[in-house]
Amino acid sequence: MALQAGLAIALGLMGCAELDDDQATDDSALVTHNGLSGINGLSGINGLSGVNGLSGVNGLSGVNGLSVDNGLSGVNGLSGVNGLMTTDSGRETVEYLVRCALADGDTLVKQDQYGATHVFEGEIGLAPAWKNGACDTLCREYVSGCMLAHVNTAGIHVPIWIVSGNAAMGWGQSPTFPNQEGTFFGDIFLTNNVGKVDAYYCDGTGFDKDVVAGRIGSNQTGAPYKNLYSSKYCKQNSCVPSDSKTDTVADGYKQCVMGTGSHTAWNHPVTVWRGNKAYNASGQVVPGVTADGRTVRYDFESGVNGWTSTNSQLVVSSVSEAGGQTGSKSLKATYGSGASTLRIQGPTGLALAAGTKVSFYIYLSATSKLTEMNPFVKKQGGNEWKVTNPTTSMLKGSWNIVTITVPAGAIGSQVGVEFKTSGAFTAYLDAVTW
(Lines give C-alpha, C1' and ligand atoms only; values in the text may rest on other atoms or scores of the structure.)
Protein backbone atom coordinates (compact mmCIF):
# COMPACT_ATOMS: atom_id res chain seq x y z
CA MET A 1 0.00 0.00 0.00
CA ALA A 2 1.16 3.51 -0.72
CA LEU A 3 1.83 5.74 2.27
CA GLN A 4 1.58 9.51 2.35
CA ALA A 5 4.12 11.66 4.15
CA GLY A 6 2.98 13.39 7.29
CA LEU A 7 2.90 12.72 11.01
CA ALA A 8 2.97 9.62 13.19
CA ILE A 9 2.94 9.60 16.97
CA ALA A 10 2.75 6.55 19.22
CA LEU A 11 0.68 6.96 22.36
CA GLY A 12 0.29 4.63 25.32
CA LEU A 13 -3.14 4.83 26.91
CA MET A 14 -3.57 2.71 30.00
CA GLY A 15 -7.03 1.87 31.31
CA CYS A 16 -8.19 0.68 34.71
CA ALA A 17 -11.87 0.30 35.50
CA GLU A 18 -14.66 -0.22 32.98
CA LEU A 19 -17.39 2.28 32.09
CA ASP A 20 -21.15 2.08 32.05
CA ASP A 21 -22.89 3.36 28.91
CA ASP A 22 -23.69 6.72 30.42
CA GLN A 23 -21.12 6.91 33.21
CA ALA A 24 -17.39 7.13 33.56
CA THR A 25 -15.05 6.23 36.35
CA ASP A 26 -12.14 8.30 37.59
CA ASP A 27 -9.67 5.95 35.94
CA SER A 28 -8.11 7.15 32.71
CA ALA A 29 -4.50 7.78 31.79
CA LEU A 30 -2.09 8.53 29.01
CA VAL A 31 1.60 7.83 28.52
CA THR A 32 3.42 8.82 25.32
CA HIS A 33 6.11 6.38 24.23
CA ASN A 34 7.39 7.60 20.85
CA GLY A 35 7.83 10.84 18.95
CA LEU A 36 7.56 11.96 15.37
CA SER A 37 8.18 10.04 12.15
CA GLY A 38 7.55 10.64 8.49
CA ILE A 39 4.38 8.62 8.07
CA ASN A 40 0.91 10.13 7.82
CA GLY A 41 -1.64 9.18 10.42
CA LEU A 42 -1.41 8.59 14.14
CA SER A 43 0.05 5.33 15.36
CA GLY A 44 -0.85 4.80 18.99
CA ILE A 45 -1.52 2.25 21.68
CA ASN A 46 -5.04 2.21 22.99
CA GLY A 47 -6.04 0.99 26.40
CA LEU A 48 -7.86 3.94 27.95
CA SER A 49 -10.73 2.42 29.94
CA GLY A 50 -12.86 5.49 29.45
CA VAL A 51 -13.04 9.25 29.76
CA ASN A 52 -13.00 10.66 33.27
CA GLY A 53 -16.06 12.72 34.10
CA LEU A 54 -18.07 11.71 31.03
CA SER A 55 -21.65 10.73 31.85
CA GLY A 56 -25.12 10.92 30.42
CA VAL A 57 -26.05 13.98 32.47
CA ASN A 58 -23.00 16.14 31.83
CA GLY A 59 -20.13 16.26 29.42
CA LEU A 60 -16.52 16.96 30.29
CA SER A 61 -17.32 20.67 30.36
CA GLY A 62 -19.67 20.44 33.30
CA VAL A 63 -18.90 19.81 36.96
CA ASN A 64 -15.25 18.96 36.26
CA GLY A 65 -13.70 22.40 36.47
CA LEU A 66 -13.26 22.38 32.69
CA SER A 67 -14.74 24.94 30.30
CA VAL A 68 -14.74 24.98 26.50
CA ASP A 69 -15.55 28.70 26.52
CA ASN A 70 -12.15 29.66 27.92
CA GLY A 71 -8.54 28.68 27.32
CA LEU A 72 -7.03 25.78 29.26
CA SER A 73 -4.30 28.03 30.60
CA GLY A 74 -6.75 30.30 32.44
CA VAL A 75 -8.46 29.63 35.76
CA ASN A 76 -11.82 29.83 34.01
CA GLY A 77 -10.75 27.28 31.40
CA LEU A 78 -9.34 24.62 33.72
CA SER A 79 -9.82 25.15 37.43
CA GLY A 80 -7.17 24.20 39.95
CA VAL A 81 -9.49 24.14 42.96
CA ASN A 82 -12.23 21.78 41.82
CA GLY A 83 -12.83 19.02 39.29
CA LEU A 84 -10.24 17.29 37.15
CA MET A 85 -7.15 18.96 38.60
CA THR A 86 -7.92 17.82 42.15
CA THR A 87 -7.43 14.04 41.71
CA ASP A 88 -4.76 11.81 40.21
CA SER A 89 -7.19 10.27 37.72
CA GLY A 90 -8.58 13.67 36.81
CA ARG A 91 -5.09 15.05 36.14
CA GLU A 92 -4.40 12.03 33.99
CA THR A 93 -7.47 12.92 31.92
CA VAL A 94 -6.16 16.48 31.63
CA GLU A 95 -2.84 15.07 30.46
CA TYR A 96 -4.69 13.15 27.74
CA LEU A 97 -6.75 16.18 26.71
CA VAL A 98 -3.63 18.30 26.43
CA ARG A 99 -1.77 15.72 24.40
CA CYS A 100 -4.70 15.45 21.96
CA ALA A 101 -5.26 19.20 21.72
CA LEU A 102 -1.84 20.86 21.91
CA ALA A 103 1.06 20.44 19.51
CA ASP A 104 4.32 18.64 20.17
CA GLY A 105 6.68 20.93 22.09
CA ASP A 106 3.88 22.95 23.68
CA THR A 107 3.04 22.59 27.38
CA LEU A 108 0.30 23.53 29.81
CA VAL A 109 1.34 24.40 33.37
CA LYS A 110 -1.37 24.19 36.04
CA GLN A 111 -1.58 24.05 39.82
CA ASP A 112 -3.83 21.76 41.84
CA GLN A 113 -5.81 22.65 44.98
CA TYR A 114 -2.67 22.33 47.12
CA GLY A 115 -0.59 24.63 44.96
CA ALA A 116 1.50 21.81 43.47
CA THR A 117 2.61 22.50 39.90
CA HIS A 118 1.85 20.02 37.09
CA VAL A 119 3.25 20.23 33.56
CA PHE A 120 1.22 18.65 30.74
CA GLU A 121 2.87 18.15 27.35
CA GLY A 122 1.23 18.55 23.97
CA GLU A 123 1.70 15.87 21.35
CA ILE A 124 -0.87 15.63 18.54
CA GLY A 125 -2.01 19.22 18.04
CA LEU A 126 -5.64 18.75 17.01
CA ALA A 127 -6.76 21.99 18.70
CA PRO A 128 -3.77 24.14 19.73
CA ALA A 129 -5.87 27.32 20.04
CA TRP A 130 -7.66 25.85 23.06
CA LYS A 131 -4.64 26.67 25.22
CA ASN A 132 -5.52 30.37 25.34
CA GLY A 133 -8.89 30.56 23.64
CA ALA A 134 -12.26 28.86 23.42
CA CYS A 135 -12.68 25.30 22.18
CA ASP A 136 -15.05 25.74 19.24
CA THR A 137 -17.00 23.09 17.35
CA LEU A 138 -13.96 22.03 15.32
CA CYS A 139 -11.90 21.67 18.49
CA ARG A 140 -14.55 19.75 20.42
CA GLU A 141 -15.25 17.28 17.62
CA TYR A 142 -11.62 16.45 16.88
CA VAL A 143 -10.62 16.08 20.51
CA SER A 144 -13.77 14.01 21.17
CA GLY A 145 -12.94 11.65 18.30
CA CYS A 146 -9.35 11.36 19.52
CA MET A 147 -10.43 10.41 23.03
CA LEU A 148 -13.14 7.96 21.98
CA ALA A 149 -10.83 6.27 19.47
CA HIS A 150 -8.45 5.27 22.26
CA VAL A 151 -10.97 3.70 24.62
CA ASN A 152 -10.36 0.07 25.54
CA THR A 153 -12.89 -1.07 28.13
CA ALA A 154 -10.68 -4.03 29.03
CA GLY A 155 -7.70 -1.76 29.67
CA ILE A 156 -5.53 -3.71 27.22
CA HIS A 157 -2.78 -1.97 25.24
CA VAL A 158 -3.36 -2.46 21.52
CA PRO A 159 -1.55 -0.48 18.79
CA ILE A 160 -3.89 1.38 16.46
CA TRP A 161 -3.52 3.64 13.40
CA ILE A 162 -5.67 6.79 13.49
CA VAL A 163 -6.49 9.19 10.64
CA SER A 164 -8.69 12.22 10.10
CA GLY A 165 -9.10 15.40 8.07
CA ASN A 166 -7.14 17.41 10.64
CA ALA A 167 -3.76 18.31 9.14
CA ALA A 168 -2.05 17.57 12.46
CA MET A 169 -3.11 13.95 12.10
CA GLY A 170 -3.74 13.52 8.37
CA TRP A 171 -4.93 10.73 6.12
CA GLY A 172 -3.08 7.63 4.93
CA GLN A 173 -2.86 3.89 5.53
CA SER A 174 -0.17 1.62 6.91
CA PRO A 175 0.47 -2.01 5.91
CA THR A 176 1.05 -2.75 9.60
CA PHE A 177 -2.58 -1.84 10.34
CA PRO A 178 -4.65 -3.45 7.56
CA ASN A 179 -8.07 -3.66 9.22
CA GLN A 180 -10.39 -0.65 9.31
CA GLU A 181 -11.91 -1.01 12.75
CA GLY A 182 -14.30 1.91 12.92
CA THR A 183 -14.90 5.66 13.01
CA PHE A 184 -15.49 7.70 16.19
CA PHE A 185 -17.23 11.05 16.45
CA GLY A 186 -19.43 13.32 18.54
CA ASP A 187 -19.03 16.02 21.20
CA ILE A 188 -18.26 14.65 24.65
CA PHE A 189 -17.81 18.08 26.22
CA LEU A 190 -21.44 19.23 26.19
CA THR A 191 -24.79 17.54 26.67
CA ASN A 192 -27.21 17.70 23.78
CA ASN A 193 -30.78 19.01 23.81
CA VAL A 194 -32.13 15.76 25.31
CA GLY A 195 -29.56 15.67 28.11
CA LYS A 196 -27.22 13.08 26.62
CA VAL A 197 -23.57 13.17 25.59
CA ASP A 198 -22.97 12.73 21.86
CA ALA A 199 -20.44 9.87 21.74
CA TYR A 200 -20.74 7.55 18.75
CA TYR A 201 -18.98 5.11 16.46
CA CYS A 202 -19.72 3.11 13.33
CA ASP A 203 -18.20 -0.15 12.15
CA GLY A 204 -15.33 -0.18 9.68
CA THR A 205 -14.92 -2.98 7.16
CA GLY A 206 -12.60 -4.83 9.53
CA PHE A 207 -14.44 -4.31 12.83
CA ASP A 208 -15.09 -8.06 13.16
CA LYS A 209 -11.68 -9.14 11.88
CA ASP A 210 -8.97 -9.91 14.42
CA VAL A 211 -11.20 -8.85 17.29
CA VAL A 212 -9.37 -7.32 20.25
CA ALA A 213 -10.73 -7.44 23.80
CA GLY A 214 -12.14 -4.09 24.86
CA ARG A 215 -12.53 -2.85 21.27
CA ILE A 216 -15.26 -2.73 18.64
CA GLY A 217 -16.37 -6.25 17.68
CA SER A 218 -15.49 -7.84 21.02
CA ASN A 219 -18.93 -7.50 22.63
CA GLN A 220 -17.37 -4.96 24.96
CA THR A 221 -19.36 -3.82 27.97
CA GLY A 222 -19.30 -0.39 29.53
CA ALA A 223 -18.22 1.51 26.41
CA PRO A 224 -18.86 5.28 26.58
CA TYR A 225 -19.84 5.40 22.89
CA LYS A 226 -22.79 3.91 21.02
CA ASN A 227 -23.55 2.73 17.50
CA LEU A 228 -27.06 3.81 16.52
CA TYR A 229 -26.88 2.17 13.08
CA SER A 230 -28.85 -1.06 13.04
CA SER A 231 -26.51 -2.97 10.74
CA LYS A 232 -23.70 -2.91 8.19
CA TYR A 233 -20.73 -0.57 7.91
CA CYS A 234 -19.87 3.13 8.08
CA LYS A 235 -19.80 3.37 4.30
CA GLN A 236 -23.32 1.91 4.07
CA ASN A 237 -24.81 4.12 6.76
CA SER A 238 -24.69 7.85 6.05
CA CYS A 239 -20.91 8.24 6.37
CA VAL A 240 -19.04 10.07 3.61
CA PRO A 241 -15.69 8.47 2.61
CA SER A 242 -12.55 10.60 2.64
CA ASP A 243 -11.31 12.00 -0.64
CA SER A 244 -7.92 10.55 0.28
CA LYS A 245 -7.56 6.93 -0.82
CA THR A 246 -4.87 4.25 -0.73
CA ASP A 247 -5.07 1.67 -3.53
CA THR A 248 -8.62 2.91 -4.32
CA VAL A 249 -9.74 2.32 -0.71
CA ALA A 250 -10.83 5.39 1.28
CA ASP A 251 -8.52 6.12 4.21
CA GLY A 252 -11.46 6.99 6.46
CA TYR A 253 -14.57 9.15 6.68
CA LYS A 254 -15.02 12.92 6.60
CA GLN A 255 -18.61 13.03 7.85
CA CYS A 256 -20.99 10.71 9.68
CA VAL A 257 -24.67 11.26 10.48
CA MET A 258 -25.94 9.87 13.77
CA GLY A 259 -27.25 11.18 17.08
CA THR A 260 -29.84 11.17 19.83
CA GLY A 261 -30.20 14.95 19.84
CA SER A 262 -30.96 17.64 17.31
CA HIS A 263 -27.37 17.77 16.05
CA THR A 264 -26.58 14.67 14.00
CA ALA A 265 -24.09 15.65 11.26
CA TRP A 266 -20.50 15.26 12.51
CA ASN A 267 -17.91 16.69 10.15
CA HIS A 268 -14.69 15.86 11.99
CA PRO A 269 -14.64 12.11 12.73
CA VAL A 270 -11.55 10.02 13.51
CA THR A 271 -11.05 6.65 11.81
CA VAL A 272 -9.10 3.79 13.40
CA TRP A 273 -7.24 0.96 11.70
CA ARG A 274 -5.86 -1.96 13.70
CA GLY A 275 -3.33 -4.70 13.08
CA ASN A 276 -3.33 -8.41 13.66
CA LYS A 277 -1.03 -9.18 16.55
CA ALA A 278 -1.80 -10.63 19.93
CA TYR A 279 -0.85 -8.63 23.02
CA ASN A 280 -0.77 -9.69 26.63
CA ALA A 281 -2.03 -7.55 29.52
CA SER A 282 1.38 -5.84 29.73
CA GLY A 283 1.23 -4.75 26.11
CA GLN A 284 3.85 -7.23 24.90
CA VAL A 285 3.47 -9.02 21.56
CA VAL A 286 2.68 -12.73 21.74
CA PRO A 287 4.71 -14.20 18.83
CA GLY A 288 3.00 -16.39 16.26
CA VAL A 289 -0.54 -15.55 17.35
CA THR A 290 -3.16 -13.36 15.69
CA ALA A 291 -5.13 -10.73 17.59
CA ASP A 292 -8.05 -13.11 18.11
CA GLY A 293 -5.83 -15.89 19.51
CA ARG A 294 -5.26 -18.02 16.39
CA THR A 295 -1.89 -19.71 15.94
CA VAL A 296 -0.17 -18.69 12.68
CA ARG A 297 1.09 -21.67 10.67
CA TYR A 298 2.06 -19.85 7.44
CA ASP A 299 2.94 -16.14 7.40
CA PHE A 300 5.04 -15.96 4.18
CA GLU A 301 7.59 -13.60 5.73
CA SER A 302 10.51 -15.68 4.42
CA GLY A 303 8.98 -16.87 1.13
CA VAL A 304 6.18 -19.02 -0.20
CA ASN A 305 6.43 -21.51 2.71
CA GLY A 306 6.09 -24.48 0.37
CA TRP A 307 2.83 -23.33 -1.21
CA THR A 308 2.25 -24.17 -4.87
CA SER A 309 -0.24 -23.51 -7.66
CA THR A 310 -2.17 -25.99 -9.80
CA ASN A 311 -2.44 -23.55 -12.69
CA SER A 312 0.53 -22.10 -14.56
CA GLN A 313 -1.38 -18.82 -15.03
CA LEU A 314 -1.42 -18.28 -11.29
CA VAL A 315 1.67 -16.46 -9.98
CA VAL A 316 2.52 -17.10 -6.36
CA SER A 317 5.11 -14.80 -4.82
CA SER A 318 5.92 -13.20 -1.51
CA VAL A 319 5.18 -9.46 -1.68
CA SER A 320 4.34 -6.51 0.55
CA GLU A 321 1.90 -4.65 -1.71
CA ALA A 322 -1.16 -5.27 0.45
CA GLY A 323 0.80 -5.47 3.64
CA GLY A 324 0.33 -8.46 5.88
CA GLN A 325 -2.02 -9.68 8.54
CA THR A 326 1.00 -10.77 10.53
CA GLY A 327 4.33 -9.28 9.58
CA SER A 328 4.71 -7.15 6.48
CA LYS A 329 4.36 -9.66 3.63
CA SER A 330 1.72 -11.87 2.09
CA LEU A 331 1.34 -14.42 -0.69
CA LYS A 332 0.17 -12.90 -3.98
CA ALA A 333 -2.10 -14.74 -6.40
CA THR A 334 -2.63 -13.14 -9.82
CA TYR A 335 -4.56 -14.19 -12.89
CA GLY A 336 -5.06 -12.21 -16.08
CA SER A 337 -7.44 -14.13 -18.35
CA GLY A 338 -11.10 -15.23 -18.56
CA ALA A 339 -13.34 -17.42 -16.42
CA SER A 340 -11.51 -20.23 -14.65
CA THR A 341 -11.01 -22.22 -11.46
CA LEU A 342 -7.57 -21.85 -9.88
CA ARG A 343 -6.00 -23.29 -6.75
CA ILE A 344 -3.17 -22.68 -4.35
CA GLN A 345 -2.23 -25.18 -1.68
CA GLY A 346 0.19 -25.69 1.16
CA PRO A 347 2.62 -28.55 1.80
CA THR A 348 1.35 -32.11 2.17
CA GLY A 349 1.88 -34.37 5.15
CA LEU A 350 -0.24 -32.56 7.73
CA ALA A 351 -2.19 -34.43 10.38
CA LEU A 352 -5.11 -32.16 11.23
CA ALA A 353 -7.57 -33.80 13.60
CA ALA A 354 -11.31 -33.76 12.98
CA GLY A 355 -12.83 -30.52 14.22
CA THR A 356 -9.72 -28.41 13.53
CA LYS A 357 -10.69 -24.97 12.21
CA VAL A 358 -8.35 -23.67 9.52
CA SER A 359 -8.64 -19.97 8.65
CA PHE A 360 -7.20 -18.07 5.70
CA TYR A 361 -6.86 -14.27 5.67
CA ILE A 362 -7.40 -13.09 2.09
CA TYR A 363 -7.14 -9.55 0.75
CA LEU A 364 -9.44 -9.05 -2.24
CA SER A 365 -8.39 -6.21 -4.55
CA ALA A 366 -10.94 -3.58 -5.51
CA THR A 367 -10.89 -4.56 -9.22
CA SER A 368 -11.00 -8.31 -8.68
CA LYS A 369 -13.28 -10.47 -10.84
CA LEU A 370 -13.35 -13.30 -8.30
CA THR A 371 -16.73 -14.91 -7.70
CA GLU A 372 -15.78 -17.43 -4.99
CA MET A 373 -12.94 -18.00 -2.51
CA ASN A 374 -13.31 -21.55 -1.28
CA PRO A 375 -11.05 -23.08 1.39
CA PHE A 376 -10.46 -26.83 1.16
CA VAL A 377 -8.91 -29.65 3.14
CA LYS A 378 -7.54 -32.76 1.50
CA LYS A 379 -8.17 -35.73 3.72
CA GLN A 380 -5.81 -38.60 4.25
CA GLY A 381 -6.94 -41.11 1.66
CA GLY A 382 -7.23 -38.65 -1.21
CA ASN A 383 -10.70 -37.10 -1.25
CA GLU A 384 -11.45 -33.50 -0.35
CA TRP A 385 -13.66 -31.28 1.78
CA LYS A 386 -14.53 -27.79 0.48
CA VAL A 387 -16.65 -24.86 1.67
CA THR A 388 -18.07 -22.37 -0.84
CA ASN A 389 -17.69 -18.65 -0.03
CA PRO A 390 -19.23 -16.31 -2.64
CA THR A 391 -17.38 -13.00 -2.89
CA THR A 392 -20.72 -11.17 -2.83
CA SER A 393 -20.57 -11.63 0.95
CA MET A 394 -17.00 -10.32 1.17
CA LEU A 395 -15.34 -6.92 1.05
CA LYS A 396 -13.17 -5.66 -1.79
CA GLY A 397 -10.20 -3.55 -0.85
CA SER A 398 -10.08 -5.29 2.51
CA TRP A 399 -8.90 -8.41 4.30
CA ASN A 400 -11.47 -11.20 4.68
CA ILE A 401 -11.40 -14.45 6.62
CA VAL A 402 -12.52 -17.76 5.10
CA THR A 403 -12.60 -20.81 7.34
CA ILE A 404 -12.98 -24.55 6.97
CA THR A 405 -13.39 -27.21 9.65
CA VAL A 406 -11.90 -30.68 9.22
CA PRO A 407 -14.99 -32.94 9.11
CA ALA A 408 -15.81 -35.64 11.62
CA GLY A 409 -14.06 -38.95 11.05
CA ALA A 410 -11.37 -37.37 8.88
CA ILE A 411 -7.73 -36.30 9.22
CA GLY A 412 -6.57 -33.39 7.08
CA SER A 413 -3.31 -33.82 5.18
CA GLN A 414 -3.23 -30.57 3.17
CA VAL A 415 -4.99 -27.19 3.12
CA GLY A 416 -5.54 -24.65 0.35
CA VAL A 417 -7.86 -22.17 -1.33
CA GLU A 418 -9.79 -22.53 -4.57
CA PHE A 419 -10.43 -19.34 -6.54
CA LYS A 420 -13.32 -19.15 -9.01
CA THR A 421 -13.22 -16.11 -11.26
CA SER A 422 -14.98 -14.52 -14.21
CA GLY A 423 -11.81 -12.70 -15.26
CA ALA A 424 -8.60 -11.13 -14.06
CA PHE A 425 -7.97 -10.83 -10.34
CA THR A 426 -5.35 -10.20 -7.70
CA ALA A 427 -5.67 -11.62 -4.21
CA TYR A 428 -3.33 -11.88 -1.24
CA LEU A 429 -3.15 -14.70 1.28
CA ASP A 430 -1.63 -14.41 4.75
CA ALA A 431 -1.72 -15.76 8.31
CA VAL A 432 -3.06 -19.26 7.65
CA THR A 433 -4.06 -20.36 11.13
CA TRP A 434 -5.36 -23.32 13.11
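Predicted model: local features only at pLDDT ≥ 70, side-chain atom pairs only at ≥ 80, totals over all residues.
Trainee: At what angle do the axes of helix H1 and helix H2 cross?
Mentor: Helices (H or I, at least four residues) and strands (E, at least two) are DSSP runs, numbered from the N terminus. Axes are lines fitted to C-alpha atoms, for helices over the stretch in contact, and angles run from 0 to 180 degrees between N-to-C directions. H1 covers residues 88-101 and H2 covers residues 137-149. Their axes come within 10 Å and cross at roughly 120°.

Trainee: Why is H1 called oblique to H2?
Mentor: Angles under 35 degrees count as roughly parallel, over 145 as roughly antiparallel, 65 to 115 as roughly perpendicular and the rest as oblique. The axes cross at roughly 120°. That angle therefore makes H1 oblique to H2.

Trainee: Which class of residue makes the contact of H1 with H2?
Mentor: Contact means heavy atoms within 4.5 Å. H1 brings Tyr-96, Leu-97, Cys-100 and Ala-101, while H2 brings Val-143, Cys-146, Met-147 and Leu-148. Ala, Val, Leu, Ile, Met, Phe, Trp, Tyr, Cys and Pro count as nonpolar, Asp, Glu, Lys and Arg as charged, and the others, Gly among them, as polar. The contact has no polar and no charged residues, but eight nonpolar.

Trainee: Which residue in E13 is the bridge partner of Val-257?
Mentor: Two strands pair if DSSP finds at least two bridges between them. An open sheet of three strands runs in the order E9-E12-E13, with antiparallel pairing. E12 (residues 253-257) pairs with E13 over two bridges. In E13, the partner of Val-257 is Ala-265.

Trainee: Which residue in E21 is the bridge partner of Ser-309?
Mentor: E18 and E21 (residues 340-345) pair in the antiparallel sense over two bridges. In E21, Ser-309 has as its partner Ile-344.

Trainee: Which backbone oxygen does the side chain of Ser-61 reach?
Mentor: Ser-61 sits in the loop between strand E3 (42-46) and H1. Its side chain comes to 3.1 Å from the oxygen. That backbone oxygen belongs to Leu-66.

Trainee: At what distance does the side chain of Lys-131 reach the backbone oxygen of Thr-107?
Mentor: Lys-131 lies in the loop between strand E5 (117-121) and H2. Beyond its neighbours within four places in sequence, its contacts include Gly-71, Asp-106 and Thr-107. The side chain reaches the backbone oxygen of Thr-107 at 2.9 Å.

Trainee: What separates the C-alpha atoms of Phe-207 and Gln-180?
Mentor: Phe-207 is in the loop between strand E8 (197-203) and E9. Gln-180 is 27 residues apart from Phe-207 along the chain. Their C-alpha atoms are separated by 6.5 Å.

Key:
Residues numbered from 1 in each chain as written. Heavy atoms only, no water. Polar contact = N/O pair within 3.5 Å; in protein donor to acceptor, adjacent residues only side chain to side chain.
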